[in-house]
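Open the model in your viewer and keep the selection panel at hand. The tour goes stop by stop.

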Amino acid sequence: MNEDKSIQRIVIAGGGTAGWMTAAAIARTLGQAVQLTLVESEAIGTIGVGESTIPPLVNYNRLLGINEADFMRATQATFKLGILFDDWKDIGTRYFHSFGLTGKDHWSAGFQHFWMHGRAKGHDAPYEEYCLELVAALAGKFAHLPDDRLNYSYQLDSGLYARFLRQMAEADGTTRIEGRIAQVELDGESGDIAALRLDGDRRIEGDLFIDCTGFRALLIEGALHAGFEDWTHWLPCDSAIAIQTPNVGPPAPYTRVMAHDAGWQWRIPLQHRTGNGLVYCSRYLERDAALDRLLGNIEGDPLTQPNFLRFTAGVRRRQWYRNCVAIGLSGGFMEPLESTAIHLIQRSVLRFIRMLPAGRVSARDIAEYNDQQELDAAQIRDFLILHYKVTNRRDSPFWRHCADMPIPDSLDQKIELFRETGRVFRRNEELFAENSWVQVMLGQGIEPRSYHPIATKLRDDELDRLLKMLRGQVADTVASLPDHQAYVARYCGAE
Ligand code: FAD
């Protein structure tokens, strides 16, 4: 990056969810301090998937001053309290990864230690019954509770979200240019990007370019060759088919992910329709068979033609390289099992804004940005691999491959520590906290061999009282919550 240049003109290439999330946030936070232009091509279009999100998006919208009911109406969103996993540990089993805290936080030891001690003492209530979000989700209930006591996110149409943000970004001064980027022009001296050349001989200059061109990665890879780290050996799924169906029954406040013999299927209910998709590994399942399987496992007649997608799990080696930052699919992709892609857009945008100086960009900023991005991606990668590696399933070549594959040392340490001691530690603002890891590790079938001795310090009657009280609080709160669908209709003003 040419360090003598101050950043005045920012050009965003691409107007999918990534492009407009980036534009809306920069326009709202930096205002007139920068000149912001976004180029997109309606003829090329967007990827057309991306529906399930995680709780930090609630704060992102708040940060941008978005009215939640307006946003939910515009994106046809429902509330989401977590993800229901079917057939992951074994065929016929299920578990739930919820957004909430299970039980009660204690500085020294997570609730799982007290629950395990309770089990040893004859308490047989499942771990799940101590989690408000989980019990509410399965009961189909939702309400905003004081102090955000019910931790939630949304299931939404990301194309509509992009449209909603576009209105905001344009109102805040973003210039939108319609056109196809035909060429990325480099500065002969510095090697930085000088301009985008569009069809019709238009030329758009900038000081800094944000690549939001999706899997094409026209700027960061096509022009700058930042490099790609392929993680297929850990995350073997490389294909997906998406299809939309009408809602059958009230939309549930959770996403469902059903494992099959070469991958998994999603079901994401929005207000007006349900998103379905099959994620699979093309080495073990052919495209036509995958489509048959998806069509055989949806409810209602399809509303759309199947959308066939190919991807490679992995990340761009340098997410910020020279005067170009890759945000969204151009920066990499890990399968949508834990709904992390839109979150990574948000995280990248906010990180970028934090590191944008008034004057020159420092090489140290770029290095810091890339280090932090790399850590985020690696931690999410490990969490995803966990779902494939730790399972009893051996019923197909795909699952046998997953059982045999080597895993990163960082994940091995986490799994084995939990197996031995029941402990999980969150490092460096890791996205998935202890509660998420514990739910998924227990759900996938790890039985810790021991637990923290602090749990044994409670007398039996104290332990009884604690467990009963926590479970009772969850049950009472859920009983008092309204039905999710009715709440959404009321909240969005449809009633
Ligand atoms: P795109 O939507 O592809 O947008 C690229 C933009 O660049 C478009 O505007 C396009 O027109 C423009 N463009 C490209 N080339 C040119 C050119 N030459 N000239 C001009 N413009 C150009 N994320 C989640 O958080 N939750 C999910 O549940 C989820 N599910 C997913 C399921 C699958 C199977 C896949 C593949 C992804 C999923 N994602 C999910 C990820 C999510 O879809 C993306 O992160 C999100 O939509 C952002 O995409 P994008 O904006 O980076 O790319």
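Strands here are DSSP E runs of at least two residues, helices are H or I runs of at least four, and both are numbered from the N terminus. Two strands pair if DSSP finds at least two bridges between them. Before moving on, note that residues are numbered from 1 along each chain as its sequence is written. This is a predicted model, in which local features need pLDDT of at least 70 and side-chain atom pairs count only at pLDDT 80 or more, while totals for chains, interfaces and linings use all residues.

Zoom in on G314. Opposite it, in β21, stands F333.

Now show the whole sheet. It is open, has three strands and runs β12-β18-β21, with antiparallel pairing. Select β12 (228-230) and β21 (332-333): these are the edges, and each has a single partner strand, so one side of each lacks a neighbour in the sheet.

Next stop: the ligand. Select its shell, where 37 residues surround it; the closest are G14, G16, G50, G214 and G328. A residue belongs here if its C-beta atom, placed from the backbone, lies within 6 Å of the molecule. Colour α1 (17-30), β2 (35-40), β13 (239-245) and α9 (341-355), the elements that give two or more residues to the shell. The largest share, three residues, comes from α1.

Colour the shell by residue type. There are 16 nonpolar, 17 polar and four charged residues. Nonpolar means Ala, Val, Leu, Ile, Met, Phe, Trp, Tyr, Cys and Pro; charged means Asp, Glu, Lys and Arg; the others, Gly among them, count as polar.

Then select G15, G16, T17, A18, L329 and I342, which an unreviewed UniProt entry annotates as "binding site". They spread over 328 residues of sequence but cluster in space, with a largest C-alpha distance of 13.9 Å. UniProt positions follow the numbering used here, feature names are shortened, and annotations may be inferred rather than shown by experiment.

Centre on G15, in the loop between β1 (9-13) and α1. Is G15 buried or exposed? It is buried, with 28 other C-beta atoms within 10 Å. The cut-offs are 20 or more for buried, 12 or fewer for exposed and partly exposed in between, with C-beta atoms placed from the backbone. Beyond its neighbours within four places in sequence, G15 contacts W20, L38, E40 and A162. Contact means C-beta atoms, placed from the backbone, within 7 Å.

Finish at I342, in helix α9. I342 is buried too, with 26 C-beta neighbours inside 10 Å. Leaving out residues up to four places away in sequence, I342 touches T17, G50, T53, L57 and S158.

Technical notes. Two residues are in contact if their C-beta atoms, placed from the backbone, lie within 7 Å.
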